[in-house]
Amino acid sequence: MSQPPVPSAPPSYPALTLRGLTKAFGQKIAVNQLSLAVPRGSLYGFVGPNGAGKTTTLSMATGLLRPDAGQVWVGDIDLWANPAAAKAKLGVLPDGLRLFDRLSGQELLTYTGLLRNLDRAVIKERSAQLLRALGLDQDAKKAVADYSAGMTKKISLAAALLHAPDLLVLDEPFEAIDPVSAKHIEDILRNFVTGGGTVILSSHVMDTVQRVCDHVAIIADGWLRAAGPVAAVAAGEDLTTRFFQLVGATGPAEELTWLRPSSN
């Protein structure tokens, strides 16, 4: 009797590998020799102060911005050597990238699905499910230009999820999102990871990262300051406290003594 096939081992390479990523804008070095390996099946937070280089790093990691130096692999695919194959595995929610906002939410998802070479029947089924899951089904025929900031964020997330990518890269996915929608998005991301996907998300909110993520990287002034499991990076501290230590945010803020209601 023939033996049943032995299941193949999962791939050993990380979901995303960055090596020596560097980017300058004029004399300003936005990202400096940044190297990072994101484990498969992780929910990975990427945090730093304003201007730290988060968005620049994620833009280079997803093919939206070419680095001055360094390499990016999505799984085992060199992003810049084979961009089409790498981007097929990516779902991206970028920061500040304009949508085709004269389309309705439903039309935007259909357009996105066709760009991803999905069958129209698959697009229709998945779009309906995503719109319901994100609370947008009642606004599916409304123009995206008329969406609130939170709704725009949600339809962008739906577009990133539509083709069932291996890796989601989300820049500030909870920004402008109400608490109920945030809970739904957290559930979607956790289910995605449970099903074998990997999520990288940037956020300014340490409480969100500590609650949602199992790994975290902290960047400041273009340099990677720490990376690894959340507990290891926190090193026995609250993650917010550890973040302040690593980025050098010490000392009290300047007191604005003049900022008082007038007694006259």
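Just after helix H4, Gly135 takes a positive phi of about 70°. This is a predicted model, in which local features need pLDDT of at least 70, side-chain atom pairs count only at pLDDT 80 or more, and totals for chains, interfaces and linings use all residues. Residues are numbered from 1 along each chain as its sequence is written, and side-chain values use heavy atoms, with hydrogens and water left out.

Helices here are DSSP runs (H or I, at least four residues), numbered from the N terminus. H4 covers residues 120-133.

At the start of H4, a side-chain oxygen of Asp119 comes to within 2.9 Å of the backbone nitrogen of Ala121. Such a polar contact is a pair of N or O atoms within 3.5 Å, one able to donate a hydrogen and the other to accept it.

Buried means under 20% relative accessible area, exposed over 50% (1.4 Å probe, protein chains only).

| Class | Residues of H4 |
|---|---|
| Buried | Ile123, Ser127, Leu130, Leu131 |
| Exposed | Ala121, Glu125, Arg132 |

Seen down the axis of H4, the buried residues fall within an arc of 95° (taken from the directions from the helix axis to the C-beta atoms), so they line one face. The exposed residues in the table lie on the other side. The buried residues pack against helix H3 (105-115) and helix H5 (149-161).

Thr112 sits in H3. Thr112 is buried, at a relative accessible area of 15%. Thr112 touches Ala159 and Leu162 (heavy atoms within 4.5 Å), leaving aside residues up to four places away in sequence.

Note on methods
Helices (H or I, at least four residues) and strands (E, at least two) are DSSP runs, numbered from the N terminus. The expected span of a helix is 1.5 Å times one less than its number of residues.
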